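The stops below go from the whole chain to single residues.

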Amino acid sequence: MLIGAAPLHVELPSVEIKLEGTAPSPAEKYKILLKAEGSLTSPMPSGSTDEGYVLSIKGSGTEKLPVLSFESPGVHTYTISQIKGSNSQCSYDETVYTMKVYVTNNENGPGLVSEIVLTVPGMDGKPEHIIFVNKLCRTTRTIRTDRRLVTVPIYGCISAWAPSA
């Protein structure tokens with residue numbers, strides 16, 4: 001980058017929380033962790049700690065991750081995950097997104113340009129959005145098997161269930 005040139009401000013994607021089942025009242029605050037991986041030189045947003053940057057989303061909804069500023073070309077890798085909450089009636093989405101920010105010199109003039117690529121390990125293709133789906137226990141159901149009574153949580157909708165042999 002040229003001395004005195006302005007940094008490149010990169011808008012990061014939004015994060016969405018979806019809830020399946022009956023939402024708690026009051027609404028829970030879900031926490032999303034943005035963490036730089038493998039490099040101490042990757043910029044982080046204001047308000048970050050050694051653990052990373054935490055974005056809070058109350059209930060189901062969408063919030064934008066903060067803007068990051070880059071001063072030189074490079075590849076910066078981040079992970080985006082949900083911090084498990086304390087609601088024992090919730091199954092928290094454990095998906096971990098990898099976000100690579102490619103910062104290069106602008107071929108058409110001065111300054112820098114960027115490209116963001118999202119991936120999820122083990123998933124074919126690239127996700128277009130960052131979505132965490134949390135399943136909230138609506139109720140429990142007691143099911144009589146041939147040997148005993150079993151109480152199981154029902155998340156969102158009732159599906160077929162059979163005890164293992």
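This is a predicted model: local features need pLDDT of at least 70, side-chain atom pairs count only at pLDDT 80 or more; totals for chains, interfaces and linings use all residues.

Residues are numbered from 1 along each chain as its sequence is written, and side-chain values use heavy atoms, with hydrogens and water left out.

**Whole chain**

Colour by secondary structure. The protein has 12 strands and 0 helices; here helices (H or I, at least four residues) and strands (E, at least two) are DSSP runs, numbered from the N terminus. Of the 165 residues, 32% are buried, where buried means under 20% relative accessible area, exposed over 50%, and partly exposed in between (1.4 Å probe, protein chains only).

Now display contacts, defined as heavy atoms within 4.5 Å. Among those with a separation of 6 or more, 59% join residues 24 or more positions apart.

**Select Glu-11 and Lys-64**

What do the side chains of Glu-11 and Lys-64 form? They meet in a salt bridge, at 3.3 Å from N to O. The term requires a side-chain nitrogen of Lys or Arg within 4 Å of a carboxyl oxygen of Asp or Glu, and the structure holds 1 such bridge. Because Glu-11 is in the loop between β1 (8-10) and β2 (14-20) and Lys-64 is in strand β5, the pair ties together parts 53 residues apart in sequence. Glu-11 is exposed at 57% relative accessibility, whereas Lys-64 is partly exposed at 41%.

**Select Ser-60**

Ser-60 sits in the loop between β4 (53-58) and β5 (61-64). Leaving aside neighbours within four places in sequence, Ser-60 contacts Ile-17 and Leu-19.

**Select His-76**

Is His-76 buried or exposed? His-76 is buried, with a relative accessible area of 9%, and belongs to strand β7 (residues 74-83). Its side chain makes a polar contact with the side chain of Ser-42 at 3.0 Å. A polar contact is a pair of N or O atoms within 3.5 Å; within protein, one must be able to donate a hydrogen and the other to accept it, and residues adjacent in sequence count only if both atoms are side-chain atoms. Not counting residues up to four places away in sequence, His-76 touches several others, including Pro-43, Phe-70, Met-99 and Val-103.
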